[in-house]
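Thanks, everyone. Let me put the chain on the screen and walk you through it.

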Amino acid sequence: ARATRSIPSDNGLAAMFEVSRQSVSKWRSGEAYPTEEHIARLAQLAGDDPGAWLIRVQAERSHGVARLAWLRMARQLGI
């Protein structure tokens, strides 16, 4: 999203989302996760389908049978 919109730093993205720079940094490092609303907005900024991002993220966050179901759905949708 930052690259697509030429946002030069985590500070700029943080200001757009009204979160701290540390929050954005943690999202990027995998230490913390953005909310579903933030994920959808990031996808829009990147020019992508928010639904596709949400499905991929849910698959990554899930475990066991639920993870397999989300991954199967993503494959079926070509995501």
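What percentage of the 79 residues in the protein chain is buried? Buried residues make up 27%, where buried means under 20% relative accessible area, exposed over 50% and partly exposed in between, with a 1.4 Å probe and protein chains only.

Some ground rules. This is a predicted model, where local features need pLDDT of at least 70 and side-chain atom pairs count only at pLDDT 80 or more, while totals for chains, interfaces and linings use all residues. Residues are numbered from 1 along each chain as its sequence is written, and side-chain values use heavy atoms, with hydrogens and water left out.

Now the overall layout. The protein chain has 5 helices and 0 strands. Helices (H or I, at least four residues) and strands (E, at least two) are DSSP runs, numbered from the N terminus. Along the sequence the pattern reads α-α-α-α-α. The C-alpha atoms fill a box of roughly 35 × 25 × 15 Å along the principal axes. Take contacts with a separation of 6 or more: 28% of them join residues 24 or more positions apart. Contact here means heavy atoms within 4.5 Å.

Next, the core. In soluble globular proteins, nonpolar side chains tend to be buried together. A nonpolar core is a set of buried Ala, Val, Leu, Ile, Met, Phe, Trp, Tyr and Cys residues joined through side-chain atoms within 4.5 Å. The largest one here has 12 residues, among them Phe17, Val24, Trp27 and Trp53. Helix H1 (10-17), helix H2 (21-29) and H3 each supply at least two residues of it. H3 gives the most, with 5 residues. Look at Val24. Leaving aside neighbours within four places in sequence, Val24 touches Asp10, Leu13, Ala14 and Val19.

On to helix packing. H3 (residues 36-46) and H4 (residues 50-61) pack at about 135 degrees, with axes 8 Å apart. That makes H3 oblique to H4. Axes are lines fitted to C-alpha atoms, for helices over the stretch in contact, and angles run from 0 to 180 degrees between N-to-C directions. Under 35 degrees counts as roughly parallel, over 145 as roughly antiparallel, 65 to 115 as roughly perpendicular, and the rest as oblique.

The crossing of H3 and H4 is right-handed. A crossing is left-handed if the near helix is turned anticlockwise from the far one by less than a right angle, and right-handed if clockwise. The H3 side of the contact includes Ile39, Leu42 and Ala43, and the H4 side includes Trp53, Leu54 and Val57. Glu36 also sits in H3. Beyond neighbours within four places in sequence, Glu36 is in contact with Leu54 and Gln58.

Which way does H4 run against H5? The axes of H4 and H5 (residues 64-76) come within 8 Å and cross at roughly 155 degrees. The two are therefore roughly antiparallel to each other. This crossing is left-handed. Ile55, Gln58, Ala59 and Glu60 in H4 meet Arg67, Trp70, Leu71, Met73 and Ala74 in H5.

Ser6 is not a glycine, yet has a positive phi of about 55 degrees. Ser6 lies in the segment before H1. At 63% relative accessibility, Ser6 counts as exposed. Glu18, also a residue other than glycine, has a positive phi near 55 degrees. Glu18 is in the loop between H1 and H2. At 75% relative accessibility, Glu18 counts as exposed.
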